[in-house]
Amino acid sequence: MNLNVEAIYLNHQSELQFHLTRIVNCPDIAADLAQESFIIFFREAQKQTIDHPRGFLFRVAKNLAYDHIKHRKVTENYQQTKDQSLLPPSEFPSAEKLVSIDERLTAIKRILDELPLRTQEIFILNRVYGMTYAETALELGISDSAVEKHMAKALLHCRAQFKTHLLDQYDS
């Protein structure tokens, strides 16, 4: 399939930028992310056949937007930690506590990685980004009941894995 790159840009640029603005809540950042999405899209189009250009483009853009949000949260958390450095040292977690937190985060990531991608995405939108089931359904273009089913599956999986993980910890 020979892609008309200019037509794809003209047909999807404003829609993509609007979609990104809803995710990142800033038109300027959305414009930058849209531009980066098109750059990635055009590079990939030279390497491979893209059967569904709009879907591919929007997936790239959504991933960039979520990466931007994650980066922003990390930066904000770092700034808060830096600002809290004025607190007395007794209020900081110990090295052992930090290692324990890091181990838990690694375990959580491993458990979430075991879920199907759609279920992971729904879980993260709901639990990390605070989106309601209805907002998640609208964002992903699926029904509220599909979101509920994916969340039930994710929560059951997480609960079972956490129990297993805790039992493994005490068996050691």
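This is a predicted model: local features need pLDDT of at least 70, side-chain atom pairs count only at pLDDT 80 or more; totals for chains, interfaces and linings use all residues.
Student: What percentage of the residues in the chain is buried?

Tutor: A residue counts as buried when its relative accessible area is under 20%. The chain has 172 residues, and the share of them that is buried is 27%.

Student: What share of the contacts in the chain with a separation of 6 or more comes from residues 24 or more positions apart?

Tutor: A contact requires heavy atoms within 4.5 Å. Among the contacts with a separation of 6 or more, residues 24 or more positions apart account for 62%.

Student: Are helix 1 and helix 2 parallel or oblique to each other?

Tutor: The axes of helix 1 and helix 2, the latter formed by residues 27-47, come within 8 Å and cross at roughly 140°. Angles over 145 degrees would count as roughly antiparallel, and those of 65 to 115 as roughly perpendicular. The crossing of helix 1 past helix 2 is right-handed. The two helices are therefore oblique.

Student: How many charged residues does the contact of helix 1 with helix 2 have?

Tutor: Helix 1 contributes residues including Val-5, Ile-8, Leu-16 and Val-24, while those from helix 2 include Pro-27, Ile-29, Leu-33 and Phe-42. By class, this contact has 15 nonpolar and six polar residues, and the number of charged residues is none.

Student: Is Asn-25 buried or exposed?

Tutor: Asn-25 is found in the loop between helix 1 and helix 2. This residue has a positive phi of about 60° although it is not a glycine. Most residues other than glycine have a negative phi. Because its relative accessible area is 64%, Asn-25 is classed as exposed.

Student: Which residues is His-19 in contact with, leaving aside its neighbours within four places in sequence?

Tutor: His-19 has its place in helix 1, which covers residues 5-24. Its relative accessibility is 13%, so His-19 counts as buried. Beyond its neighbours within four places in sequence, His-19 is in contact with Phe-58 and Glu-139.

Student: Where do the buried residues of helix 6 fall, seen down its axis?

Tutor: In helix 6, residues 133-140, the buried residues are Thr-136, Ala-137, Glu-139 and Leu-140. Seen down the axis, they fall within an arc of 165°, so they line one face of the helix.

Student: Which residue just after helix 6 takes a positive phi?

Tutor: Helix 6 is made up of residues 133-140. Just after this helix, a positive phi of about 70° is taken by Gly-141.

Student: What is the relative accessible area of Asn-126?

Tutor: Asn-126 is found in helix 5, residues 117-127. Leaving aside its neighbours within four places in sequence, Asn-126 is in contact with Met-131, Thr-132, Tyr-133, Thr-136 and Met-151. Asn-126 is buried, because its relative accessible area is 14%.

Student: What distance separates the C-alpha atoms of Ala-45 and Val-5?

Tutor: Ala-45 lies in helix 2. Ala-45 is partly exposed, because its relative accessible area is 23%. Ala-45 and Val-5 are 40 residues apart along the chain, and their C-alpha atoms are separated by 8.9 Å.

Terms used. Residues are numbered from 1 along each chain as its sequence is written. Side-chain values use heavy atoms; hydrogens and water are left out. Helices (H or I, at least four residues) and strands (E, at least two) are DSSP runs, numbered from the N terminus. Buried means under 20% relative accessible area, exposed over 50%, partly exposed in between (1.4 Å probe, protein chains only). Axes are lines fitted to C-alpha atoms, for helices over the stretch in contact, and angles run from 0 to 180 degrees between N-to-C directions. Angles under 35 degrees count as roughly parallel, over 145 as roughly antiparallel, 65 to 115 as roughly perpendicular and the rest as oblique. A crossing is left-handed if the near helix is turned anticlockwise from the far one by less than a right angle, and right-handed if clockwise. Ala, Val, Leu, Ile, Met, Phe, Trp, Tyr, Cys and Pro count as nonpolar, Asp, Glu, Lys and Arg as charged, and the others, Gly among them, as polar. The arc is that of the directions from the helix axis to the C-beta atoms.
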